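I set out to record how parts of one chain pack together. My entries follow the structure below.

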Amino acid sequence: MSTQSPPNPIAATRTRRLQPEGQVEERPPGPRVLGGDVVVDTPRGLLTYANLDYAASAPCAVAAQEAVNEILPYYASVHRGAGALSQKCTRGFEHARQTLGWFIGARPEDLVVFTRSTTDSLNLLAHLVPADAKVVTFAGEHHANLLPWRDPIRLPVPATPAEAVASAEAALTDLRRTHTGPILLAVTGASNVTGEVWPVAELARVARSVDARIALDAAQLAPHRRVDMAELDVDYLALSGHKLYAPFGAGILAGRSDWMDAATPYLAGGGASALVGDAAGDVSWHPSPSRHEAGSPNVIGAIAMAAVCTALDDADWDAMAAHEHRLVATLREGLATVPGARELSIFGTDADRVGIVTFAVAGHDSSDVSAFLAKRYGIGVRDGLFCSHPLTRGLLREAGSAECTLPPTAVRASVGLGSKIEHIDRLVDGLRELTSGD
């Protein structure tokens, strides 16, 4: 993979704009995103929409929009086309592959396969895992990293990062005593429920100690932190474009080639096949990544993701992290003042986290909370169990008590590029109004 970032045509400038209440707030650091000027009608008047649902799908980055607009007039099917448009799109598609590999710190020998999403990527990896392999994961995973595996060993949700490492080490060591075949540890980089960051490098170390491989679900981590496969020493990495400000239906699975080339194609069809004979079953397959990219690929999605990766690399990550930390701290402090509000946490209040805060309000159904915030305050949050049902149910049980009965689902507020303190203040104001009579 190339170590050079392609030039970024978009300069992330800083501007100032008028807020609905008349306040002036500097534009958040980092690449620009669309949707910040969307206005919604509420009983309190017209308000700019406060998008606090980034963990579900992030808004489209201007860099992605511009890259898509640039390539659309030239769109054509990639590979095996001699025409000028096909050649141009093929170069753009393969350049996107190179850019994604560079962005995640892939090793030179790693391959990048384009998929539809993180869920698609992890299902692809489950298809690639040898039949005699054992998979170990945690009960705190998103369903995308919980459900695809064949008969996995599911470890309990740990109470601390150190406990996660100790639990994985004990399970992997015990498994290696009786199992001589491949072992895969599949973990998240950051929880989609709480935002808490998992000790990936330490988990990779214990995997290496027993000759096991490790797969990283980076869907929630990559939009907030720099990710480096080689530095973390992970074998596979999955992420989604729609979490990474490129909502055009693309994702990637990156990693080692041997399992990819040994497995039958994830999907059978054109693009994956090198030669098809006259007899049924007479087919030879391309090596990876083409082996697992049958059909016409999502060229637009790949190019959009690559454009965002380039824009993010040119951004000030320290400034983005500081702004996100301020947003999360302000929200958590505000929640502490809301009667009956209880924050959910895996590792405790001091754990490192990305821009996700999940909570429940005693006496208020979570769907009613999100509907109230949307209708009256122009805020978008997510309610439910967030495709992490076992984890969220367990955290709700832990957060509740005899004196504070929580609803069966929770509310998740998540931030990213374009999020503002005013959005957080508005959310807290809405929760205070909702609970004012409690």
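**Entry 1: the sheet**

I looked up T358 and found that T358 stands opposite R412 in β19. The model is predicted, so I noted that local features need pLDDT of at least 70 and side-chain atom pairs count only at pLDDT 80 or more, while totals for chains, interfaces and linings use all residues. Residues are numbered from 1 along each chain as its sequence is written, and side-chain values use heavy atoms, with hydrogens and water left out.

Strand β16 (residues 356-361) and strand β19 (residues 410-414) run antiparallel and are joined by four bridges. Strands are DSSP runs of E with at least two residues, and helices are runs of H or I with at least four, numbered from the N terminus. Two strands pair if DSSP finds at least two bridges between them.

I then traced the open sheet of four strands, whose order is β15-β16-β19-β18 with antiparallel pairing. Its edge strands, β15 (341-343) and β18 (382-384), each pair on one side only.

**Entry 2: two helices**

I next looked up helix α1 (residues 62-71) and helix α8 (residues 299-313), whose axes come within 8 Å and cross at roughly 135°. Axes are lines fitted to C-alpha atoms, for helices over the stretch in contact, and angles run from 0 to 180 degrees between N-to-C directions. That makes α1 oblique to α8; angles under 35 degrees count as roughly parallel, over 145 as roughly antiparallel, 65 to 115 as roughly perpendicular and the rest as oblique.
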